[in-house]
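Subject: Structure handover

Hello,

Here is the structure we talked about. Please open it first, then read the notes below.

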Amino acid sequence: MATDKVDPIHQFHLNDLIPVNIGGLDLSFTNSSLFMVIVAVVTAGFLYLTTANRGLVPTRLQSISEMSYEFVASMLRDGAGSQGMRFFPFVFSLFMFILVANLVGMVPYFFTVTSHIIVTFAFSMLVIGLVVVYGFWKHGFHFLNLFVPSGVPGALMPLVVMIEVISFLSRPISLSVRLFANMLAGHITLKVFAGFVFSLGSMGAIGIGGAILPLAMTVALTGLEFLVAFLQAYVFAVLTCMYLNDALHPGH
Amino acid sequence: MVDSNDADRNANPGAGGGNPEKGGDSLEARRKRLATELAARSAPEAPEVEGREKPQGFALAVKLSSEFIAGVLVGALLGYILDRFAGTTPWGMIVFLLLGFCAGVLNVLRSTGAVSTPVPGSRSGSTDQGTHNQ
């Protein structure tokens, strides 16, 4: 029982809530799926309700919605130019989903969707897939100019192009690993320090005195985790904008 | 920059203070002035806000290591796939793993801003921020 309480990995277990098995594929509705639905409902519901009876002078909640719009719009304009605004719905949905998923994961006993690499990898493959498809659709084979830097001697060109291609292909991996590792490590750290409080607290009076230190650490880490939750959603969205910029203007 | 903004802001109410409710064109002018002022004020902050935030400690470690590991992993994966389908068993892995290390180092150098991207018009996150957005 005690190991279950202080096991830092326990929070990431997937449990089947509604087992679904179609053609040998395990399509069960898990706790991860449940929290994805919750995140989507919370995001859409918040944005809908706060802008439902919109006024010229915004209420507090309405101004939160407007600020998130402004924030993503300016990020996209800076990162990908005004042409990038055609991707606004995509980037905004992605940013809001990741942000709300990270924040929902901060509630005790809640599941953090973005702490599973397959989820973040799906996001980043979506981004890179969009970049590649749109780049080829818009520019045809000129999109491949992205991999050919100017001013490189001809003899080195094949090597440099190979390295550029590998560097491009490594983007979805680094993008997904960064978000996943931050969320995973943050939640594990939080749980470990909270586990110290529990373990020390069950050791009598001296233990309770000693438990104050990890408790203070846990409080501080919680604040830090909220920062990380926002920062990682922001970093993901900024990098998405930069990659979309590549699709829009692939060098010359 | 900040000083000139402040001076501007202080000067403008004095100049426009004589006819604050002149009519529609005055409102237009004031809105335009507000827009330019807001743009001017947010512009100096923009590069440091949306360039790279200054990550510290752990965030920086995760960022750089993920860049490097991703390069190596993709190189190894490409080599493995090539070997699997072309039957060139050790060589594809050797060559692509080395290329993957190069790409990983390149990724790290780029994300720290030590190497600016050689391709004009791509990746606006590097050191020459904002000069080639259009």
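Start with one pair: A:Arg178 and B:Glu67 are both buried. Buried means under 20% relative accessible area, exposed over 50%, and partly exposed in between (1.4 Å probe, protein chains only). These two side chains form a salt bridge, 2.8 Å from N to O. The term covers a side-chain nitrogen of Lys or Arg within 4 Å of a carboxyl oxygen of Asp or Glu. A:Arg178 sits in helix 6 of chain A and B:Glu67 in helix 3 (residues 58-86) of chain B, so the bridge joins two chains. Helices (H or I, at least four residues) and strands (E, at least two) are DSSP runs, numbered from the N terminus.

Some ground rules. This is a predicted model, where local features need pLDDT of at least 70 and side-chain atom pairs count only at pLDDT 80 or more, while totals for chains, interfaces and linings use all residues. Residues are numbered from 1 along each chain as its sequence is written, chains are lettered from A and ligands numbered from 1 in the order in which they are written, and side-chain values use heavy atoms, with hydrogens and water left out.

Now the other salt bridges. B:Arg110 is buried at 11% relative accessible area. A:Glu164 is buried too, at 5%.

Another stays in chain A. A:Arg171 bridges to A:Asp246, with the closest N and O atoms 3.0 Å apart. The partners are 75 residues apart, A:Arg171 in helix 6 and A:Asp246 in helix 8 (residues 212-248). A:Arg171 has a relative accessible area of 6%. For A:Asp246 the value is 0%.

Next, the nonpolar cores. A core is a set of buried Ala, Val, Leu, Ile, Met, Phe, Trp, Tyr and Cys residues joined through side-chain atoms within 4.5 Å. The largest has 48 residues, and A:Val91, A:Phe95, A:Phe236 and A:Tyr243 have the most contacts inside it. Helix 8 of chain A gives the largest share, 13 residues. A second, separate core has nine residues, among them A:Ile163, B:Ala70, B:Val74 and B:Ala103.

Last, look at A:Tyr243. Leaving out residues up to four places away in sequence, A:Tyr243 touches A:Val127, A:Ile128, A:Val131, A:Arg171 and A:Leu175. Contact here means heavy atoms within 4.5 Å.

Best wishes
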